[in-house]
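Subject: Structure for you to look at

Hello,

I am passing on the structure we talked about, and below it I have written out what was found. Please keep it open while you read, so that you can look up each residue as it comes.

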Amino acid sequence: MIRMGRSKTGTSALLAYPGFGYPTAGGQCRIYLSGVVWQEPVVFNLRQRMMIRMLAGVMKATPEELQSQPFQDRIAPFMAEADGRQPIIVELAGRTHRLGKKTRKNGHFRDFVSLSNAEVESAAEVDEFGNRTLPYRLAVADSQAAPTTGLIYLLDRRGTSVISDIDDTIKDSAVGDRQQLLSNTFLRDFRSVAGMADVYRHWSDQGASFHYVSSSPWQLFISLLAMNVEHRFPAGTMHLRNFRLRDQLLRKVILRRQGKATTIRFLLNNLPERNFVLVGDSGEKDPEIYRKICLKYPSRIKAMLIREVPNRPLEGERLRRLTDALPANRFGKFTDAAELRDLAKRMFEN
């Protein structure tokens, strides 16, 4: 389990995202690491309290709901200040590495580290889904902030990776309804879309690896990870949007599709010998983003599968652009997990 580390003073926190590693020529394993460092607020300031009142008004939340543990846990990271310019130390397979770049202004960092295949094999473990993993330890250099731990998922050079959206693809979010979206985000237990975990576990059993790519803010990472664990989705890397609180909190939390295409291209470019399956929903821009990816990497995308959501079915010009651009054996839409399973059998399963 990935966990947050906090300093004894309560002023700093670290979060390690699950990363990935893959063998390269020359007996090396290239390992991707990322995470965020921020300052934890002790008391919300006046501006932050005003933002919470605005949010509560849109959600029509009761005072009791605002005091609930889910709301307190989820709102706190949104109020934290980023901890930029921090040097990061990583311990991997018995070796200590100082990352080449400090945290950016927004507190985020990402970098690659190379280890020999022999070093990786000596420290590798296997999880409940049969994934080979490499544990690591993350710390801020010259700081009293408590370190945290993370996992690297070790991938074969060749194979199939599933890139999956989260909101309204595997998680019931109601993106098209602002009040429901915010209530589902801040007040309620996260609910998975029925049957999706079963389908994903079936693909995992066939050897697929998973990358959850979402425009949800990084501040929801812990809650999203907990949902995946509770509903037994296959473990994998998770790539969320960098987000910094501004005055337009409500607008920015809702309009949140930026950056997904960049992340998908990053995965394809850094896993150059793997094929990919793209799974998303029709609620916002997944079909358009995925279409461009399919056209740019025609030989790498085995299938694009889109879940139709009731408030915005995939039809008309949107559907025509997909069917004109992609062969029938590489594109399909579904409304439930049973239809998705049938599509996969026809398109890419062994």
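The side chains of Asp324 and Arg320 come together in a salt bridge, with N and O 2.4 Å apart. Please bear in mind that this, like everything that follows, comes from a predicted model. The two residues are four places apart in helix 11 (residues 316–325), so about one helical turn separates them. Asp324 is exposed, because its relative accessible area of 55% is over 50%, whereas Arg320, with 39%, is partly exposed.

A second pair sits in helix 6 (residues 196–205), where Asp198 and Arg201 are three residues apart, about one turn of the helix. Their side chains also form a salt bridge, at 2.5 Å from N to O. Here Asp198 is partly exposed, with a relative accessible area of 40%, while Arg201, at 19%, falls under the 20% limit and therefore counts as buried.

In total, the count comes to 14 salt bridges, and Arg157, Arg158 and Glu273 are linked in a network of them.

Arg300 is a case to set beside these pairs. This residue lies in the loop between helix 10 (286–296) and strand 16 (301–307), and it is buried yet has no salt bridge, since the nearest side chain of opposite charge, Glu273, is 9.2 Å away. What the side chain of Arg300 does reach is the backbone oxygen of Leu271, at 2.7 Å. Leaving aside residues up to four places away in sequence, Arg300 touches several others, among them Leu268, Pro272 and Phe276.

Finally, there are two backbone angles to look at. Most residues other than glycine have a negative phi. Asp168, however, has a positive phi, near 65°; it is found in the loop between strand 12 (159–164) and helix 5 (178–186) and is buried, with a relative accessible area of 9%. Arg232 also has a positive phi, near 60°, and is found in the loop between helix 7 (221–230) and strand 14 (237–241), but this residue is partly exposed, with a relative accessible area of 38%.

Best wishes

Terms used. Residues numbered from 1 in each chain as written. Predicted model: local features only at pLDDT ≥ 70, side-chain atom pairs only at ≥ 80, totals over all residues. Heavy atoms only, no water. Buried < 20%, exposed > 50% of the residue type's maximum accessible area, 1.4 Å probe, protein only. Lys, Arg positive; Asp, Glu negative; His and termini not counted. Salt bridge = Lys/Arg side-chain N within 4 Å of Asp/Glu carboxyl O. Polar contact = N/O pair within 3.5 Å; in protein donor to acceptor, adjacent residues only side chain to side chain. Contact = heavy atoms within 4.5 Å.
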